Amino acid sequence: MSERIANAQLAAKLMSAEEAAEFINNGDMVGMSGFTGAGYPKALPTAIAERAKNFHQAGEDYKINVLTGASTAPDCDGVLAEANAINYRAPYQSDPSMRKSINSGEINYQDIHLSHMGMYVQQGFIDVDVAVVEAVRITEAGHIVPSSAVGNNVEYLEAADKIIIEVNEWQSLDLEGMHDIWRMPHLPNRVPIPITNVGDRIGTTDIEIDPEKVVAVVMTNEADRNAPFKPADEISEKIAGNFLDFLEAEVAAGRLAYDGYIMQSGVGNVPNAVMAGLLDSKFSNIQAYTEVIQDGMVDLIDAGKMTVASATSFSLSPEYAHKMNEDAARYREHIVLRPQQISNHPEVIRRVGLIATNGMIEADLYGNINSTNVSGTRMMNGIGGSGDFTRNAFISSFISPSEAKDGKISTIVPFASHIDHTEHDVMVVITEYGYADLRGLTPRDRAAKMISVAHPDYRPQLEEYYERALRGTSVHTPHDLGTAFSFHLNLAENGTMRMNG
């Protein structure tokens, strides 16, 4: 037996991905590992896609339903979408091929808060036929050591009738010990989650499974989807500077200290620019209770500025993924990877008092945020965990450039075309033109703040809309809905922001 598969019973079930795919039938609900391009199965998706093609060529139906932690990669979501092998997908995705199929109606997609997905499965709302999970190794006791993402592995493995394990030799063995697996008790036996500090370890380093449910073990040696981040540009650096100005204002107001700032961050180039700004800031002993470990957090750990980061997955560039693999034994002293039902749980988020920072597609004059649907109807990726953190953070913030599509579109609009985060949950909106602190403000007071962070080219149009809306019969939340809807219609048709009337 190899170091990677130390259990004789499970080593005897070693087979090819093509053989393992035979256990997955048309109509099955398949729970896969994976979160933000890390820890997803590398071999089974392609084997399932080829199986689907063979069925389709024979004139037979073959489609599966896929659950994950969050997004995966072209060699998972992408190949399955291109093979027309998916009927239903949840809770989050980011693959271009899958996005195209979702928006054409070929794939049924349900956008679900990430903290809810495991709960739905655990409470029996969704039945799982097969769990396909990537592992660093299988222990002597037959337990699974997760790889670079934990996601919903615990819930899928527990609920599934059949289990397929991909053991990936690319993943560092030194990841073992980084995970903290704590199972949410079933109703009616729920108890408080015993996390009071970001770095608390409350569980085990592996996932205990029923070995009788394992039908196949597959060996792989493939890297995660580690996409490089773009270098910080002038706009990203300005947004990061404005975010740090906001933090400084919170320190001056006595609501935040330089020591022990706790952060949550969405994924992307702008959040990484924010973390780069923190490197040269007065903040120290920074902690993260978040979803993903990004390059910027690794830099903060290396610089001694971040003491601990708790997440459910990595989202690293190729360079930083290599660094993590080479030095995982050191990083596991600072990083905790948890099941996403714990990393995203409202109870813990509210308790630790973090500042949440997420991206957006658009924000309207009153602070409603659209995170998911372009022009209100075309799905981009999904809400992800932004709702979990926004609703429960000490301070919730959204960061974005003020324009999109090379300046053709304002990200500050009269009325959000789709609302994922209501004005009741959104506290601060930050662009390269400053920050709009919306706390304690009525809708009319918010409008002026939001216009102030819009691009100057669009402020006259937003002001014109607001003045027109004030002439209506109700001015608590002034809206001229006809004008607002015509704006979004023009945007959908022409890709530019233009007012009618």
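Phe398 stands opposite Val429 in E24. This is a predicted model: local features need pLDDT of at least 70, side-chain atom pairs count only at pLDDT 80 or more, and totals for chains, interfaces and linings use all residues. Residues are numbered from 1 along each chain as its sequence is written, and side-chain values use heavy atoms, leaving out hydrogens and water.

Some terms. Helices (H or I, at least four residues) and strands (E, at least two) are DSSP runs, numbered from the N terminus. Strands pair if DSSP finds at least two bridges between them.

E20 covers residues 395-399. Three bridges join E20 to E24, residues 428-431, and the two run parallel. Strand E15, residues 355-358, is also parallel to E20, with four bridges. There, Ala356 has Ser396 as its bridge partner.

Is E20 buried or exposed? Five of its five residues are buried (under 20% relative accessible area, 1.4 Å probe, protein chains only). Ile395, Ser397 and Ile399 sit on one side, Ser396 and Phe398 on the other.

Now the helices. H16 (residues 443-452) packs on H17 (residues 459-470) at about 165°, axes 10 Å apart. Axes are lines fitted to C-alpha atoms over the stretch in contact, and angles run from 0 to 180 degrees between N-to-C directions. So H16 is roughly antiparallel to H17 (over 145 degrees).

Which residues meet? From H16, Arg444, Ala447, Ile451 and Ser452; from H17, Arg459, Leu462, Glu463, Tyr466 and Leu470. Contact means heavy atoms within 4.5 Å.

How values were computed
Buried means under 20% relative accessible area, exposed over 50%, partly exposed in between (1.4 Å probe, protein chains only). Angles under 35 degrees count as roughly parallel, over 145 as roughly antiparallel, 65 to 115 as roughly perpendicular and the rest as oblique.
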